[in-house]
Amino acid sequence: MTQTAPPSPLQKNPLWQFSLVFYRHNDVESFLLDCQDRRGADICMMLWASYAAVCGHQLSDERWCVVDRSLAPRRSMIRSLRHLRRLLGHLRPYTLGLYGMCKRYELKLERLQLAMLWTNCVGDWPGDCPALELAAHQYGLLEKEQARWASLIESYLASSEDLDAG
């Protein structure tokens with residue numbers, strides 16, 4: 001008889017599952033990448049705030065700062081890897097294999113970052129501030145960017161309700 005290992009926290013992470021679906025929804029990817037490139041935003045933190053908003057959770061400024069600081073080393077690794085991947089992208093087709101390897105590893109690091117975010121708040125969402133408002137303040141998002149983010153979440157929720165009803 002073969003024993004199977006219990007599911008890892010990576011496999012049982014609702015934040016990861018949400019992120020995969022939400023990121024592909026409408027213009028979410030382009031919005032998040034724009035915030036990353038123009039505002040220095042951490043996409044994983046923005047996905048965490050989006051998940052909190054979708055679930056009706058609030059966050060505290062203190063919790064945000066603690067989590068943000070704890071992710072700094074991993075964020076630095078992801079940023080370095082992303083920089084290398086983008087550089088290799090300019091050298092394609094000669095670097096296609098290395099580019100793909102960098103992209104897969106970057107995704108793995110982001111998945112680990114989302115797992116850490118999930119375990120940090122599982123069952124405990126103390127806060128007094130709407131998650132999107134807090135994240136927008138942290139990254140200096142303009143009102144029009146905040147409105148766009150909120151509309152992307154509303155669109156996602158509406159499509160999720162349509163799927164549930166269908």
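Which backbone oxygen lies 3.1 Å from a polar atom of the side chain of Thr-119? In this predicted model, the oxygen in question belongs to Met-116.

The chain contains seven helices and two strands, and, read from the N terminus on, its elements run α-α-α-β-α-α-β-α-α. Of its 166 residues, 39% count as buried.

Leu-15 belongs to helix H1, which spans residues 14-24 and in which Leu-15, Trp-16, Phe-18, Ser-19 and Phe-22 are buried. These five residues cover an arc of only 160° around the axis, which puts them on the same side of H1. At the start of H1, a side-chain oxygen of Asn-13 reaches to within 2.8 Å of the backbone nitrogen of Leu-15, so that Leu-15 takes part through its backbone in this contact while also being one of the buried residues of the helix.

Beyond the other end of H1 comes Asn-26, in the loop that leads from H1 to helix H2 (28-39). The phi of Asn-26 is near 35°, a positive value in a residue other than glycine. Asn-26 is exposed, with a relative accessible area of 52%, and this value is to be read against the cut-off for exposed residues, which is over 50%.

A search of the whole structure finds eight aromatic pairs. In one of them, the rings of Phe-18 and Tyr-156 have their centres 5.4 Å apart and their planes at 90°, so the pair is edge-to-face. Because Phe-18 lies in helix H1 and Tyr-156 in helix H7 (residues 143-165), this pair ties together parts that are 138 residues apart in sequence.

The C-alpha atom of Ile-153 is separated by 8.7 Å from that of Val-28, and the two residues are 125 residues apart along the chain.

The remaining part of this tour returns to H5 and its partner H4. Two packed helices are described by the angle between their axes and the distance between the axes. Helix H4 (residues 61-90) and helix H5 (residues 96-121) pack at an angle of about 170°, with their axes 8 Å apart. Since angles over 145 degrees count as roughly antiparallel, H4 and H5 are therefore roughly antiparallel to each other. The residues of the contact of H4 with H5 divide into 16 nonpolar, four polar and seven charged. In the loop between these two helices lies Pro-93, which is joined to Arg-92 by a cis peptide bond with an omega of about 10°.

Methods. Residues are numbered from 1 along each chain as its sequence is written. This is a predicted model: local features need pLDDT of at least 70, side-chain atom pairs count only at pLDDT 80 or more; totals for chains, interfaces and linings use all residues. Side-chain values use heavy atoms; hydrogens and water are left out. Buried means under 20% relative accessible area, exposed over 50%, partly exposed in between (1.4 Å probe, protein chains only). Helices (H or I, at least four residues) and strands (E, at least two) are DSSP runs, numbered from the N terminus. The arc is that of the directions from the helix axis to the C-beta atoms. A polar contact is a pair of N or O atoms within 3.5 Å; within protein, one must be able to donate a hydrogen and the other to accept it, and residues adjacent in sequence count only if both atoms are side-chain atoms. Axes are lines fitted to C-alpha atoms, for helices over the stretch in contact, and angles run from 0 to 180 degrees between N-to-C directions. Angles under 35 degrees count as roughly parallel, over 145 as roughly antiparallel, 65 to 115 as roughly perpendicular and the rest as oblique. Ala, Val, Leu, Ile, Met, Phe, Trp, Tyr, Cys and Pro count as nonpolar, Asp, Glu, Lys and Arg as charged, and the others, Gly among them, as polar. Rings of Phe, Tyr and Trp (its six-membered ring) pair if their centres lie within 6.5 Å; planes under 30 degrees apart count as stacked, over 60 as edge-to-face and the rest as tilted.
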